[in-house]
Amino acid sequence: MKVSDRVALVTGGSRGIGKAIVEALAHGGAKVAFVYQSNQEAADKLVAELTAAGREVMAIKADASKKPEADAAVEAVIAKWERLDILVNNAGIIRDKLILAMTIEEWQQVIDTNLTSVFNFCQAVIRPMMGNRYGRIVNMSSVAADFSNPGQANYAASKAGIEGFSRCLATEYAKRGITVNCVAPGFIETDMTIAVVNAAGDKIKSSIPVKRLGRPEDIANAVLFLASEESSYITGQVLKVDGGLTLGGMG
Ligand code: NAP
């Protein structure tokens, strides 16, 4: 999957799935910037590891839900590497509550972090990508966009929103050489899912046809393909990477 000599920006790249995406792109030869919000230790560690391995990487502290911070992050990448070819909108949070218990702040925080951040970064990269007549945008959805998980109305709305947004963006800029796709992970072992895994990991595994939880690398491999030159005829799609979780079988 060719990403070498490309410049990439990954939001939420300091931990979990985003970290695996940063590693995959960097080891594939791309120059990679990643955005994190607060965990500087994790960001510094990742930069140190990849730099020691001879990769070009940079960390940017920004709140992806804030438009000026997203614009500044994109400007910093272009100032350093003069172009931007690949955008992976991966930053995301959960604030699970049943509707009657959910506060407007919990609703808004999830919508802003998961969905508005995608608008923020996509809008900021479209012009530079159009200038190069090349772009790969990969937005992180979730199987929760289709599932009906009690307690996840805010999260499901944000992820379903990402999928609809991505289809529109894909049609708007297809003729400019920019593709826009989503990856929808199933159950992946990260900080986000650690509490549920500790409480019910074996039960979850038994409900997944491949009989294991997903690893961040499973998602990174799918993102790498959609971010590569080889995926040029795929746009507006959602690729589920879930070990068969959503197939609805009985085994
Ligand atoms: P995670 O381990 O909790 O990591 C979240 C990352 O997002 C961190 O790098 C965090 O930065 C960053 N972040 C959070 N809010 C941010 C903000 N406002 N601005 C900038 N960065 C922000 O999460 P994950 O499990 O890897 O999930 C990554 C993505 O995959 C999310 O979009 C999630 O919805 C999606 N997903 C995950 C699963 C799963 O099973 N894990 C399943 C389906 C979809 P800091 O380190 O600074 O906090």
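**Exercise 1.** Determine how helix 4 and helix 5 are oriented relative to each other.

*Solution.* Begin with the elements, where helices are DSSP runs of H or I with at least four residues, numbered from the N terminus. Helix 5 covers residues 153-173, and its axis packs 8 Å from that of helix 4 at an angle of about 15°; axes here are lines fitted to C-alpha atoms over the stretch in contact, with angles running from 0 to 180 degrees between N-to-C directions. Helix 4 and helix 5 are therefore roughly parallel, a term that applies to angles under 35 degrees. The crossing is right-handed, that is, the near helix is turned clockwise from the far one by less than a right angle. The model is predicted, so local features need pLDDT of at least 70 and side-chain atom pairs count only at pLDDT 80 or more, whereas totals for chains, interfaces and linings use all residues. Residues are numbered from 1 along each chain as its sequence is written, and side-chain values use heavy atoms, with hydrogens and water left out.

**Exercise 2.** Which residues of helix 4 and helix 5 meet, and what classes do they belong to?

*Solution.* With contact meaning heavy atoms within 4.5 Å, the helix 4 side includes Trp-107, Val-110, Phe-119 and Met-130, and these belong to a set that meets residues of helix 5 including Tyr-155, Ile-162, Phe-165 and Tyr-173. By class, this contact has 16 nonpolar, four polar and two charged residues, where Ala, Val, Leu, Ile, Met, Phe, Trp, Tyr, Cys and Pro count as nonpolar, Asp, Glu, Lys and Arg as charged, and the others, Gly among them, as polar.

**Exercise 3.** Describe the packing of helix 3 against helix 4.

*Solution.* Helix 3 (residues 67-81) and helix 4 (residues 104-132) have axes 8 Å apart and pack at an angle of about 35°, in a right-handed crossing. Among the residues in this contact are Ala-70, Val-74 and Ile-78 of helix 3 and Phe-121, Ala-124 and Pro-128 of helix 4. The contact has eight nonpolar, two polar and two charged residues.

Key: Helix = DSSP H or I, 4+ residues; strand = E, 2+ residues; numbered from the N terminus. Parallel < 35°, antiparallel > 145°, perpendicular 65-115°, else oblique.
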